[in-house]
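Here's a quick briefing for anyone meeting this structure for the first time. Have a look at the model, then read on.

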Amino acid sequence: MPQQEPGRRVPARPDASMSLLTTVMSNTLDEGYAAAGRRSAGRSELPRTLRARLWLAGGLALAAVVVTLGAAQAREAEPTLARGREELLDRVEARTAELDDLQEEVDALRADVDERQRDAIGDARSAAGELTALLAGATAVTGPGIELVVNDAEGAAPGAGGPRDAGFADTGRVRDRDLQRVVNGLWQAGAEAISVNGRRLTALSAIRAAGDAVLVDNRPLAPPYTLLAIGPGDELAAAFRATAEGRYLDVLREDYGIRAGTTVHDRLELPAAPGLTTHTAGPAAAPETQPEDQPEEGGAP
């Protein structure tokens, strides 16, 4: 290289800094990829040898056979599926007819039971029949009465608190024994008919507990418990408050926070008791008495 004179510099080219960018823009593909692309451009996708072509033809023929067999099996299976569907529909229709017959039999038995119950109660148009139907809960009743709503204490939860009398938990919840005493107090006060949450009570009704649930005639009820009692309105309410069960309800309200309220109504309607069960009784035969002058068997003459 020729030596440059001191202090003298060769001027740089204006486009010297653009050479790399120019190269990248003009050669966008790597040389190796470009060479591989040129080598594969002249090749055909189909196999060149006769053996490879035979294998390809055989594979295509095998695929065609498989598709044809699948279509044929599908066509053959259609009648079988149709027959199976028809048999299933026939079975459903037969079972439905049997269910309808059983339902008709149940309806007939219920009608027979109702007729027998009416026969056991007697003529409902007579005074004795009306009284028997009323006491048995066989008919719906209407008349004046009171509405007594008994509810758990606010924030009451099962299993909390200390012991209440007779082993009951002081949870502020209404127990089955509480409802029993309230219902007995209403009967004692002169109620002619009583229902709890829409369920008519009879002489055979039972109020029990299953865990924390209260059962009336084996049906679980949820608070609040609404008791409807047919009777002479204000007189019935005053008579209930005067009973021991009315005072017991006041104790529950004051000591345990149980909520209770009484409302007098001019007209209430109570339904008939579901699943009515009737029992009949008659006077017992008088025991036979022996004459005084006739000695008993085995006695002295």
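**A first look around**

Pro224 sits in the loop that links strand E6 (219-221) to strand E7 (225-230); strands here are DSSP runs of E with at least two residues, helices are runs of H or I with at least four, and both are numbered from the N terminus. You're looking at a predicted model, where local features need pLDDT of at least 70, side-chain atom pairs count only at pLDDT 80 or more, and totals for chains, interfaces and linings use all residues. Residues are numbered from 1 along each chain as its sequence is written, and side-chain values use heavy atoms, with hydrogens and water left out.

**The overall picture**

- The protein has 7 helices and 8 strands.
- Of its 301 residues, 22% count as buried, meaning under 20% relative accessible area, while exposed means over 50% and partly exposed is in between (1.4 Å probe, protein chains only).
- Take the contacts between residues at least 6 apart in sequence: 70% of them join residues at least 24 apart, where contact means heavy atoms within 4.5 Å.
- Searching the whole structure for aromatic pairs turns up 0; to pair, rings of Phe, Tyr and Trp (its six-membered ring) need centres within 6.5 Å, with planes under 30 degrees apart called stacked, over 60 edge-to-face and the rest tilted.

- Most residues other than glycine have a negative phi, and most peptide bonds are trans.
- The peptide bond from Pro223 to Pro224, though, is cis, with omega near 0°.
- Asn197 isn't a glycine, yet has a positive phi of about 50°; this residue is in the loop between strand E2 (193-196) and strand E3 (199-200) and is partly exposed, at 28% relative accessible area.
- Asn218 isn't a glycine either and has a positive phi of about 65°; you'll find Asn218 in the loop between strand E5 (213-216) and E6, exposed with a relative accessible area of 60%.

**In and around strand E1**

- Asn151 belongs to strand E1 (residues 141-151) and is buried, with a relative accessible area of 18%.
- Leaving out residues up to four places away in sequence, Asn151 touches Val174, Pro223, Pro224, Ile258 and Arg259, so both prolines of the cis bond are among its contacts.
- Not counting residues up to four places away in sequence, Gly145 touches several residues, including Ala229, Ile230, Val264 and His265.
- Between the C-alpha atoms of Gly145 and Ala237 there are 8.4 Å, though 92 residues separate the two along the chain.
- Thr139 lies in the loop between helix H4 (127-136) and E1, and is partly exposed at 35% relative accessibility.
- The C-alpha atoms of Thr139 and Pro271 are 7.1 Å apart, with the residues 132 apart along the chain.

**Where H5 meets H7**

- The axes of helix H5 (residues 176-189) and helix H7 (residues 244-256) come within 8 Å and cross at roughly 140°; axes are lines fitted to C-alpha atoms, for helices over the stretch in contact, and angles run from 0 to 180 degrees between N-to-C directions.
- On the H5 side the contact involves Arg177, Asp178, Arg181, Val182, Gly185 and Gln188, and on the H7 side Ala244, Glu245, Tyr248, Leu249 and Leu252.
- Arg181 lies over the face of Tyr248, 4.1 Å from the ring centre; a charge sits over a ring if NZ of Lys or CZ of Arg is within 6 Å of the ring centre and within 35 degrees of the ring normal.
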